[in-house]
Amino acid sequence: MDVIGSLLGGFATALQPEYLLYAAIGVTLGTLVGVLPGIGPALTVALLLPVTFDLDPTGAFIMFAGIYYGGMYGGSTTSILLNTPGESASIVTALEGFQMAKRGRGGPALATAAIGSFVAGTISTLAITFFAPVVAGVALLFQPADYFALMVVAFVSVSSLVGHSILRGLVSLFVGLFIGLIGIDVLSGQPRLTFGVTELLDGLSIVVVAVGLFAVGEALYAASRLRHGQDAVVAVKGRVMMNRDDIRRSWPAWLRGAAIGFPLGALPAGGAEIPSFLSYNIEKRLSKHPDEFGKGAIEGVAGPEAANNAAFSGVLVPLLTLGLPTSATAAIMLAAFQIFNLQPGPLLFSQAPDLVWALIASLYIGNVMLLLLNLPLVRVWVKILEIPRPLLYAGILVFATLGVYSAANSVVDVLIMYAIGVLGFFMRRLDFPVGPVVLGTILGPMLEAQFRRAMSIAQGDLGVFLSRPLSSTLLLVALAVLVVPYLPRLVARLRGQRTAVPRLTFGEAPED
Amino acid sequence: MTDRPGSRRGVLEARLAALAVIGLGVVAIVGSTQVRTPGGYAAVGANAMPAVVGVALIGLGAALLLRATLRLDLDHAERIRTEAVATHWPTTGLALAGLVGYAMALGPLGYVVATSVFLPFEARILGSRSTPRDLLVGIGLGVVVYLAFTQLLGVRLPAGFLEPVLP
């Protein structure tokens with residue numbers, strides 16, 4: 001098999017001592033930063049971007065794979081022990097995980113999250129190995145109209161399925177599109193929305209936007225309410241390992257989580273929120289102990305954590321094969337590729353096969369390292385949670401500034417990043433989701449370029465998006481995604497019911 | 001519900017946000033008229049997307065305004081109300097001011113000094129009471145990051161007036 005040969009080649013690269021060291025550093029740093037409350041995987045990757053500047057591309061991406069997985073795992077520790085999920089995909093983990101921790105079962109909760117992440121991560125890396133080259137082959141057939149339609153699907157799903165309100169989701173998306181427009185237009189070379197400011201000609205880097213929204217916005221938000229005291233860390237008492245019953249109840253949930261997470265992550269449907277919520281609901285329905293849900297059911301941690309991890313790996317499929325980031329974290333990864341002058345997409349597999357396969361191999365290695373590192377070190381990570389909050393947020397601001405400043409040695413970039421942080425602060429207060437902003441910023445210019453290319457090829461005929469079977473199908477899917485959440489309400493109204501039926505949502509706890 | 005503390009403020013904030021979104025839309029439309037269209041064939045020009053985004057933002061902003069006035073979204077208003085009550089504005093403002101000062105000081109003071117001053121200062125604003133500890137952490141962080149970035153990672157950071165002392 002060609003794939004096996006390529007993969008073995010990748011392992012031969014990734015297993016060199018130097019690269020193993022990079023992977024270990026990546027996993028450690030990723031976990032370290034990911035454990036910090038309020039820092040999700042997207043911010044972890046953005047903040048650690050400068051660390052890789054001096055490495056060769058292969059080394060940098062091997063370190064990245066480690067940071068990516070480490071950041072995710074670190075986030076679940078925070079959710080379980082502190083009930084402050086760093087990103088919306090971990091909200092579900094907090095539901096049962098925090099309850100387990102409060103009942104003195106924090107150890108098994110962390111263990112099932114770690115092992116579940118490992119199992120699901122390995123299964124989905126296997127899936128990437130065999131699936132990604134196939135998708136890359138199919139992607140060669142994609143024309144601009146199809147790319148455009150695919151991005152419309154991603155936009156619609158990220159703004160309508162996640163969060164409390166489609167309206168506010170769409171506002172966030174269009175604010176992101178606005179930010180993405182700033183700078184020189186790639187197709188015509190004309191400056192847009194710069195209003196004569198030279199510093200804006202290059203546009204706003206995704207790192208500036210993401211760090212501003214996630215780090216500064218979050219720190220200002222925390223600052224505004226720090227006087228209300230600090231959440232207590234739940235101590236991990238007793239055994240860290242799971243008992244036989246825990247394992248018996250966890251493993252089917254891990255497998256189901258992986259099975260839900262990977263395909264949904266691979267679709268351009270906005271990352272890991274939907275799979276982790278779906279997994280939670282399925283575990284709740286299938287469980288033999290439904291009464292334990294809400295009071296610390298281990299399946300409720302095992303399933304969503306596995307789904308979360310599998311979805312994060314699934315996101316790598318559209319990223320590597322189509323060049324399409326479908327989550328905030330993937331958007332930062334794309335920026336990282338571009339820093340090294342690599343353009344992910346169907347040609348990446350043929351143009352830089354060594355790098356791609358080394359990256360895939362290092363996903364396997366990163367997963368193993370994470371498991372080896374995390375289970376024994378749980379008590380060390382818990383210590384990090386006890387950093388006093390004022391010092392922690394001051395430190396986050398120092399690193400946010402460092403991350404943006406060191407990328408271009410520009411104070412103007414840093415000030416723009418703070419301004420975006422203020423935007424993020426108000427968005428957080430007023431309950432606007434920030435994820436769509438990041439996606440709009442990075443996907444907006446890509447969507448526009450493909451749209452204009454398609455229109456030029458079709459000589460200005462809008463019908464091109466409907467006449468191609470692929471693009472018209474995708475646009476129908478986008479329409480369905482927009483309508484489906486309202487179906488329960490519509491059906492209820494048609495039946496003449498008067499009671500309010502809520503819109504289907506994912507990614508947020510039900511409103512209470 | 002208007003008699004509960006902060007609720008009036010919350011609704012006001014939602015209305016201001018709606019107006020800000022509309023304003024951003026106007027900016028996009030004004031910006032789209034300033035894009036020069038060079039010669040050569042293009043089915044869709046460089047000014048189309050800014051105009052579309054502008055129109056969409058104005059439409060969405062109007063919808064937001066509607067949900068904050070005539071058809072008030074009660075859930076959302078309640079959510080903002082709790083936010084408005086919990087917010088301590090002086091802390092937020094000072095934290096931001098400290099941050100801007102930090103960015104401006106990076107060049108003149110150098111990374112190490114600026115960070116050693118900023119970290120304890122910002123932690124103090126955020127409510128820390130152990131300034132000597134924070135100062136030590138600040139100095140340690142400044143020195144370690146500076147050395148790691150300049151010596152190990154090959155990323156230049158401003159040395160400032162410590163230039164003669166630092167490697």
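Student: Which residue just after H6(B) takes a positive phi?

Tutor: Helices here are DSSP runs of H or I with at least four residues, strands are runs of E with at least two, and both are numbered from the N terminus. Just after H6(B), Gly154(B) has a positive phi of about 70°. This is a predicted model, in which local features need pLDDT of at least 70 and side-chain atom pairs count only at pLDDT 80 or more, while totals for chains, interfaces and linings use all residues. Residues are numbered from 1 along each chain as its sequence is written, with chains lettered from A and ligands numbered from 1 in the order in which they are written.

Student: What span does H6(B) reach from its first C-alpha to its last?

Tutor: The expected span of a helix is 1.5 Å times one less than its number of residues. H6(B), with 22 residues, reaches 30 Å, close to the expected 32 Å.

Student: Which residues of H6(B) are buried, and which are exposed on the face turned away from them?

Tutor: A residue is buried if 20 or more other C-beta atoms, placed from the backbone, lie within 10 Å of its own, exposed if 12 or fewer do, and partly exposed in between. In H6(B), Asp134(B), Val137(B), Gly138(B), Leu141(B), Gly142(B), Tyr146(B) and Phe149(B) are buried. They cover an arc of only 150° around the axis, which puts them on the same side of H6(B), the arc being that of the directions from the helix axis to the C-beta atoms. The face turned away from this buried side carries the exposed Pro132(B), Val144(B), Gln151(B) and Leu152(B).

Student: What do the buried residues of H6(B) pack against?

Tutor: Their partners are helix H16 (389-408) of chain A and H5 of chain B.

Student: How many residues of chain B are in contact with chain A?

Tutor: Two residues are in contact if their C-beta atoms, placed from the backbone, lie within 7 Å. By that criterion, 60 residues of chain B are in contact with 56 residues of chain A. The largest share of the side of chain B that touches chain A, 11 residues, comes from H4(B).

Student: How many helices and strands does chain A have, and what percentage of its residues count as buried?

Tutor: Chain A has 21 helices and 2 strands, and 63% of its 512 residues count as buried. Its C-alpha atoms fill a box of roughly 70 × 65 × 55 Å, taken along the principal axes.
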